[in-house]
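Please examine the following protein chain in its sequence and its three-dimensional form.

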Amino acid sequence: MCNEAVTAICSLFAWFLSGAAAFSCFFIEGEYDGPFGTSSIGFGFLGISTWRYGTFYSHGSWCKSWESYSLVPEILGVEVRDSTWTAAYAFAVIAFCLGFFAVVFSFCSQKGRGGLAALLFFITLCQGLSLLVFSSDVVKVFAAHGIELGISFGAGCSIAAIIFWFFAAVSAAGVAKNGDGDSDASREELEEPLVANDEAEAA
């Protein structure tokens, strides 16, 4: 019962974190010299955000589309979202969508925990692959212009989601293993009287 609760709770937390990662506008961020001094710029799958450095995500613009953003035109004049970035976004969305079914299944069904564990391990893999953004041209092009991009809110949520998905998967696998053990024990208990009756009849 305890493992089932752990599976459900970890899955729920992971799903919320997964959504924050997939639909944020600052998955990664960096610093640059803006018109008002040092500023921060964040890049997410949905758009771009900027804020004055040290103001904790305030005094800035939120979720401007990649197409309309013009603060760094010499960099954004070229398309930096390559296939790696697109693949990372796809994996983030897959993890979020499959995660919804995993959460529902973990709360509503007490059977098929082996299948749930396999699904959760697959979601963990997809969530991890969302971090492919760090190998994309977005990071490389901006690094070439002196803007080093690192972990921001979205990437942090994705890493946390990976941990929660993994714990949920391990917990579900433990429930499935215990369920198999209980089934074997019950089968042995049913077989013992039959064996005793056969021996008595033979005697």
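The model is predicted, so local features need pLDDT of at least 70 and side-chain atom pairs count only at pLDDT 80 or more, while totals for chains, interfaces and linings use all residues. Residues are numbered from 1 along each chain as its sequence is written, and side-chain values use heavy atoms, with hydrogens and water left out.

**Overall fold**

The chain contains 6 helices and 5 strands. Here helices (H or I, at least four residues) and strands (E, at least two) are DSSP runs, numbered from the N terminus. Read from the N terminus, the order of the elements is α-β-β-β-β-α-α-α-α-β-α. Contact means heavy atoms within 4.5 Å; among contacts between residues at least 6 apart in sequence, 65% join residues at least 24 apart.

**Interior**

Of the 203 residues, 39% count as buried. Buried means under 20% relative accessible area, exposed over 50%, and partly exposed in between (1.4 Å probe, protein chains only).

| Residue | Relative accessible area | Class |
|---|---|---|
| Cys126 | 2% | buried |
| Leu149 | 10% | buried |
| Val170 | 39% | partly exposed |
| Cys108 | 63% | exposed |

A nonpolar core is a set of buried Ala, Val, Leu, Ile, Met, Phe, Trp, Tyr and Cys residues joined through side-chain atoms within 4.5 Å. The largest such core has 22 residues, and Ile28, Phe43, Trp85, Val138 and Leu149 have the most contacts inside it. Among the elements that each supply at least two of its residues are helix H1 (2-22), strand E1 (28-34) and helix H6 (153-202). Apart from this core lies another, of 16 residues, including Cys10 and Ala161.

Leu149 is located in the loop between H5 and strand E5 (150-151). Leaving aside residues up to four places away in sequence, Leu149 touches Ile28, Phe43 and Val138, among others. The C-alpha atoms of Leu149 and Glu31 are separated by 7.8 Å, although these residues are 118 residues apart along the chain.

**Surface**

A nonpolar patch on the surface is formed by Phe121, Ile151, Ile159, Ile163, Phe166, Phe167 and Val170, with about 630 Å² of accessible area together. Patches of this kind join nonpolar side chains (Val, Leu, Ile, Met, Phe, Trp, Tyr) within 5 Å, from residues with over 30% relative accessible area and no salt bridge; a salt bridge is a side-chain nitrogen of Lys or Arg within 4 Å of a carboxyl oxygen of Asp or Glu. Accessible areas come from the Shrake-Rupley method with a 1.4 Å probe. H6 provides the largest share of the patch, 5 residues.

How values were computed:
Patches are made of residues with over 30% relative accessible area and no salt bridge: like charges are joined within 9 Å, nonpolar side chains (Val, Leu, Ile, Met, Phe, Trp, Tyr) within 5 Å.
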